[in-house]
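Trainee: Can we go through this structure step by step, starting with the whole chain and then turning to single residues?

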Amino acid sequence: MTVEIVSENRSFGGRQLVCKHASSETGTDMRFSIYLPPAAEAGPVPLVWFLSGLTCTEENFTTKAGAQRVAAKHGVAVVAPDTSPRGEGVPDDPDGAYDFGLGAGFYVDATVAPYDRNYRMASYVETELPAVLAEAFPVDLQRQSIMGHSMGGHGALTIALRNPGRFKAVSAFAPIASPLNCPWGEKALPGYLGDARALWRRYDACALIEDGHRVDDILVDQGLADGFLENQLKPELLETACAMAGIPLTLRRQEGYDHSYYFIATFVADHLDWHAARLSK
């Protein structure tokens, strides 16, 4: 698997890379960023995934969150994939809306034409990209964890729940708690998956928990000034699902914070501390 380094910058003694490779899952070139801490020069390091939200690419988290300093301190690598396939011929929302198509892959494997050829973000994140990373970089896939924001928070929660034991920790910033119960999900799930409602549950954290999937614990930060809070995010649904299942959930409601990367940058150190503690066990 050939990985092309698009850019490289020194950061807190480590290396911040943006990379590109040809994906067999999406049928396109895919970009991702990876921060390698100074500890990676001595051997494989733990890996933390960050999945971004609607309209984002690998760049948003990399340049706005300020995660490199904390990742260097803990000696963990951080990888941020793109949020959807891109390129000529990749189908987009027919109306050009921001919440479906390019930049809005929802971390599903689409089954409906024309999206089924390229929109295979679940398999890309769960299977293909880990193999690419293991071959190209000094990362230890026996010690990995996952987090994300908004649509990416939904992705992080569902991927962790579907892959018990793979991730040492999972956390989220303002996740879409239940795509089955919000306008974004009510558009994306049938758009990518058709009428097979049983398949939709595979991509809903609350439904997965109801169906018996488990993780050890979850950390969520949610801004109370988030304009998407009541209509789209609905953290109370995740709170109820975790309580019913006995999953320890730390849900921190942050007064005055919105949905932006100012919010993420404020609390990213707390999340990386959370992941590092569990990755070190």
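Mentor: The questions below go from the overall fold to one helix and then to selected residues of this predicted model.

Trainee: What radius of gyration does the chain have, and what would a compact globule have?

Mentor: For 281 residues, a compact globule would have a radius of gyration near 19 Å. The C-alpha atoms fill a box of roughly 50 × 40 × 35 Å along the principal axes. The radius of gyration agrees with the globule value, at 17 Å.

Trainee: What share of the residues counts as buried?

Mentor: A residue is buried when its relative accessible area is under 20%. The accessible surface of the chain comes to about 11,100 Å², and 49% of that belongs to carbon and sulfur atoms. Of the 281 residues, the buried share is 59%.

Trainee: Among contacts between residues at least 6 apart in sequence, what share joins residues at least 24 apart?

Mentor: Contact here means heavy atoms within 4.5 Å. Among the contacts between residues at least 6 apart, the share joining residues at least 24 apart is 72%.

Trainee: How far apart are the centres of the positive and negative side chains?

Mentor: The chain carries 24 positive and 35 negative side chains. The distance between the centres of the two sets is 5 Å.

Trainee: What span should helix H4 have, and what do its end C-alpha atoms give?

Mentor: Helix H4 covers residues 151-162, which makes twelve residues. At 1.5 Å a residue, the helix should span 16 Å. Its end C-alpha atoms agree with this, being apart by 16 Å.

Trainee: How many of the twelve residues of H4 are buried?

Mentor: The buried residues of H4 include Met151, His154, Thr158 and Arg162. H4 is largely enclosed by the rest of the structure, because the buried count is twelve of the twelve.

Trainee: Is tryptophan 274 buried or exposed?

Mentor: Tryptophan 274 sits in helix H10, residues 261-279. Leaving aside neighbours within four places in sequence, its contacts are Ala169, Val170, Ser171, Asp217, Ile218, Leu219 and Thr250. With a relative accessibility of 13%, tryptophan 274 counts as buried.

Trainee: Which peptide bond is cis, with omega near 0°?

Mentor: Most peptide bonds are trans. Proline 114 lies in the loop between strand E5 (77-81) and helix H3 (121-136). The bond with omega near 0° runs from alanine 113 to proline 114.

Trainee: What phi does phenylalanine 106 have, and what phi does tyrosine 107 have?

Mentor: Most residues other than glycine have a negative phi. Phenylalanine 106 lies in the loop between E5 and H3, and the place of tyrosine 107 is in the loop between E5 and H3 too. Phenylalanine 106 counts as buried at 1% relative accessibility, and tyrosine 107 is buried at 0%. Phi is positive at phenylalanine 106, about 60°, and positive at tyrosine 107, about 55°.

Trainee: Which residues does proline 46 touch, not counting residues up to four places away in sequence?

Mentor: Proline 46 is part of strand E4, residues 45-51, and counts as buried at 8% relative accessibility. Proline 46 and leucine 157 are 111 residues apart in sequence and 19 Å apart in space, C-alpha to C-alpha. With sequence neighbours up to four places away left out, proline 46 touches Gly75, Val76, Ala77, Asp140, Arg143 and Leu279.

Trainee: What distance separates the C-alpha atoms of alanine 40 and valine 76?

Mentor: Alanine 40 is in the loop between strand E3 (29-36) and E4. It counts as buried, at 11% relative accessibility. Beyond its neighbours within four places in sequence, alanine 40 is in contact with Val45 and Pro138. Valine 76 is 36 residues away along the chain, and the C-alpha separation is 8.1 Å.

Trainee: How far apart in space are proline 81 and serine 33, C-alpha to C-alpha?

Mentor: Proline 81 belongs to strand E5 and counts as buried at 0% relative accessibility. Not counting residues up to four places away in sequence, proline 81 touches residues including Arg31, Phe32, Trp49 and Tyr124. Proline 81 and serine 33 are 48 residues apart in sequence, and their C-alpha distance is 6.4 Å.

Methods
Residues are numbered from 1 along each chain as its sequence is written. This is a predicted model: local features need pLDDT of at least 70, side-chain atom pairs count only at pLDDT 80 or more; totals for chains, interfaces and linings use all residues. Side-chain values use heavy atoms; hydrogens and water are left out. The radius of gyration is taken over C-alpha atoms; the globule rule is 2.2 Å times the number of residues to the power 0.38. Buried means under 20% relative accessible area, exposed over 50%, partly exposed in between (1.4 Å probe, protein chains only). Accessible areas come from the Shrake-Rupley method with a 1.4 Å probe; for residues, only the protein chains shown count as cover. Lys and Arg count as positive and Asp and Glu as negative; His and the chain ends are not counted. The place of a charge is taken as NZ of Lys, CZ of Arg, CG of Asp or CD of Glu. Helices (H or I, at least four residues) and strands (E, at least two) are DSSP runs, numbered from the N terminus. The expected span of a helix is 1.5 Å times one less than its number of residues.
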